[in-house]
Amino acid sequence: TQAKWWRRQLVYEETPRTWAQAFASTLGSVPLKSPTQTFHCCICLENITVANRLVMRRCGRDTHSACGDCLKTYLRLRIEEGRVNELSCPCLGDDACEAHAA
């Protein structure tokens, strides 16, 4: 019975190391992508890739950035609703922002 216990103990001791080694070798073969830079859209509040960031020229604040789709929709709706005098930075009033579209 002592030999059986030793064999079972040996199997239990070897299994985690074998699994860990297999896991480590699998991870080593997975290609890694470099992290994508993102920003926080001030309209939809999602993290969006920096490539899709728009900031109104007269504002220029990175914290007032919006994704292209959100800013286009924001401005389009203002125009469709006849609120042309409200074509401003989506964060108008924050940080003393007074940027309006020209």
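Buried denotes a relative accessible area under 20%, exposed one over 50%, and partly exposed the range in between, with a 1.4 Å probe and protein chains only. The model shown is predicted: local features require pLDDT of at least 70, side-chain atom pairs count only at pLDDT 80 or more, and totals for chains, interfaces and linings use all residues. Residues are numbered from 1 along each chain as its sequence is written, and side-chain values use heavy atoms, with hydrogens and water left out.

**View 1. Overall organisation of the protein chain.** The protein chain comprises two helices and four strands, assigned as DSSP runs (helices H or I, at least four residues; strands E, at least two) and numbered from the N terminus. Their order from the N terminus is α-β-β-β-β-α. Of the 102 residues in the protein chain, 21% are buried.

**View 2. The surroundings of Ser88.** Ser88 lies in the segment after α2 (68-80). Because its relative accessibility is 4%, Ser88 counts as buried. Leaving aside residues up to four places away in sequence, Ser88 touches Met56, Tyr74, Leu75, Ala99, His100 and Ala101, where contact means heavy atoms within 4.5 Å.

**View 3. Ala51 in its loop.** Ala51 is placed in the loop between β2 (47-49) and β3 (53-54). Ala51 is exposed because its relative accessible area is 75%. From Ala51 to Cys67 the C-alpha to C-alpha distance is 8.9 Å, with 16 residues of sequence separation.
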